[in-house]
Amino acid sequence: MIKNKSKSEESGLAPIWNWRITAFAAALLLFVGILAISFGPVSLSFQEIIRTLLGLPGGLTGQDRTLLIDLRLPRALLAAIVGAALATSGAVYQTVFRNPLADPYLLGAAAGAGLGATIALTSAGADLRSLLPVFAFFGAISAVLVSFFISGKFFAEPNSLLLSGIAVGSFATAVQTYLQQRNSASLRPVYSWILGELTVANWQVVTWSSIYILIALTILFTVSKQLDGLMLTDEEAYSLGINPNKLRVIAVVAATLATATAVSASGLIGFVGIVVPHLVRGLTHRVTNRGLLTIALVGASFLVLADLGARTLLSPAELPIGVITAFVGAPFFLFVLRKKRLVAH
Amino acid sequence: MINISDLSVRIGQRNILSDISVEIEDGKWTCLVGPNGAGKTTLLKSLLGSLPYSGSITDNGVEVFRNHDRNVAFVPQHPQIPIGMGVGEYVMMGRSKRDGWGNESSHSRKIVADILKLTGLFGMQSQHVSLLSGGEMQRALIARALVQEPTLILLDEPTSALDLHHQIAVLNNIEILKERGVTIISTMHDITLAAMYAEKIVVMQEGRVLLNGTSDFVIHSPELKSAFENRINVYTLDSGRPVIVANKDLTN
């Protein structure tokens, strides 16, 4: 017998999660982040960026420093936390609803936020433009609450919750369209908000959105290991020491908080919540929610990269970031759909 | 000893179980039989402790409802199959109650490997559970229950979707649990198989217990036939083994 065998060899079982993958994802995010703050219409030197960030002498000065600290850095950070929030919430919704195509906007959060934002943009008299994130946030939360309220017994029937989410979403979209048509001046800002924008990023937005998102993600990472139990029937989960309904409520509340915050900070950025979880699961061949932190890190990298594309592809003009994520996301979504059908047969 | 007394369960406006009083012995295999809709599955869920009930169910003197201190394994008739999860990981979930979710000890890894060998699943641990055949899936479920090292295992129709060969394989796997001193309560639609494996049989009809006793006693009771509206006949083979056959001639 050879001594010093690794754990996995001894029992013949592969480890359920390899944390080196998570470390790799963290390194990837760091690399992508530095890439994003270096490139743009004005390129900044990599060395000088590092020196500036670490507070060493020989860093950027004047306009370049302002560009880095007040524009690119908050924007990259916002992209990262929004990406992490959407990818994690998507993965959690997929587990909770046992539906691989579930996304963070499933329960009406997107349409509710859209309605809230439209109200802010179309309201006559008071200038509510600056309160747009607050309106979007409460729009999203209200839509999800109404979906829960209508479906009644929380998770007794997940499908009725999904259907009421769809109905509430359609209703909110109808009201939003009506408001928009009555106030055609708002068409353009509403439209560009719906496609998602990170141009509003400043330190204030970064601060408040990261507080909410970090709280939500901390809760989700804490319960992530138990979440695997929700892939079983409620009786099996119960017998393995889980209270399934309590866990679902915790998970959905936290995921909705993260989604609503992300939406109110950056508009409706689609497909991150579907693409990233499936990408990570596909590459690692693991569906366990122990990968949640990795999904968050990859989601952050994905959106930082997408934003870099949005800023530079048509430079100096900007593409809405939602266009980039959907351009990658939609074909991928179809791929997942097709693969799922193949597995089912 | 599990003591069920005056147990009633209502779901919505319907009485699913009414005034059930039964004692279930430790370390024995008790089988619940009866026609569809008799309340067998509801009784299993009540015994698990996840379903609100009136009356009382005590397991060694402790009320079972929402009692998470017990270690009870549950094998459902229609399991929810996690798409993309490997067999090894699926069976490893059985250790979650003992190790805490996500904290597998090396001791647990060894137990899982041993049980995979015992149930003939070793070598398939990376295969997705969603791609298993019916018999393999049932074995994976039993393997997960075995690694849980429970004091009680509840099985809902463990053989319903299987051909005879796999039924026997699965039932033999369940017997491993009994050899380890685990109390077994299962529902089974095949009364002949129930009589072959279980020591005790509880016959249910419309939410009530009709008959309760040793397999031999129950099988030869005239009430068994009436529970199935006289649509079955009981024959005895030369070896003394009872065989229950559906009665084709009777019409409504």
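Domain bounds here are those of an automatic or database domain assignment, and in this predicted model that assignment gives chain B a domain 1, made of residues 1-70 + 167-252, and a domain 2, made of residues 80-150. The C-alpha centres of domain 1 of chain B and domain 2 of chain B lie 27 Å apart. Where the two domains of chain B touch, the contact takes seven residues from domain 1 and eight residues from domain 2. On the side of domain 1 of chain B that touches domain 2 of chain B, six residues are nonpolar and one is polar, while no charged residue is found there.

Of the 252 residues in chain B, 44% are buried. Among the contacts in chain B that link residues at least 6 apart in sequence, 62% join residues at least 24 apart.

Part of the strand content of chain B is arranged as an open sheet of four strands, in the order 2-1-4-5, with antiparallel pairing. The edges of this sheet are taken by strand 2 (14-24) and strand 5 (62-63) of chain B, each of which has a single partner strand, so that one side of each is left without a neighbour in the sheet. Strand 1 of chain B, residues 2-11, pairs with strand 4 of chain B, residues 54-59, in the antiparallel sense and over five bridges. Within strand 4 of chain B, Thr58(B) is the residue that stands opposite Asn3(B).

Turning to the contact between the chains, 27 residues come from chain A and 31 residues from chain B. On the side of chain A that touches chain B, helix 1 (7-11), helix 9 (203-227) and helix 10 (234-239) of chain A each supply at least two residues. Helix 10 of chain A gives the most to this side, with five residues. By class, the residues that chain A brings to its contact with chain B divide into ten nonpolar, eight polar and nine charged.

Note on methods:
Residues numbered from 1 in each chain as written. Chains lettered and ligands numbered in written order. Predicted model: local features only at pLDDT ≥ 70, side-chain atom pairs only at ≥ 80, totals over all residues. Nonpolar A, V, L, I, M, F, W, Y, C, P; charged D, E, K, R; others polar. Buried ≥ 20, exposed ≤ 12 C-beta atoms within 10 Å, placed from the backbone. Pairing = 2+ DSSP bridges.
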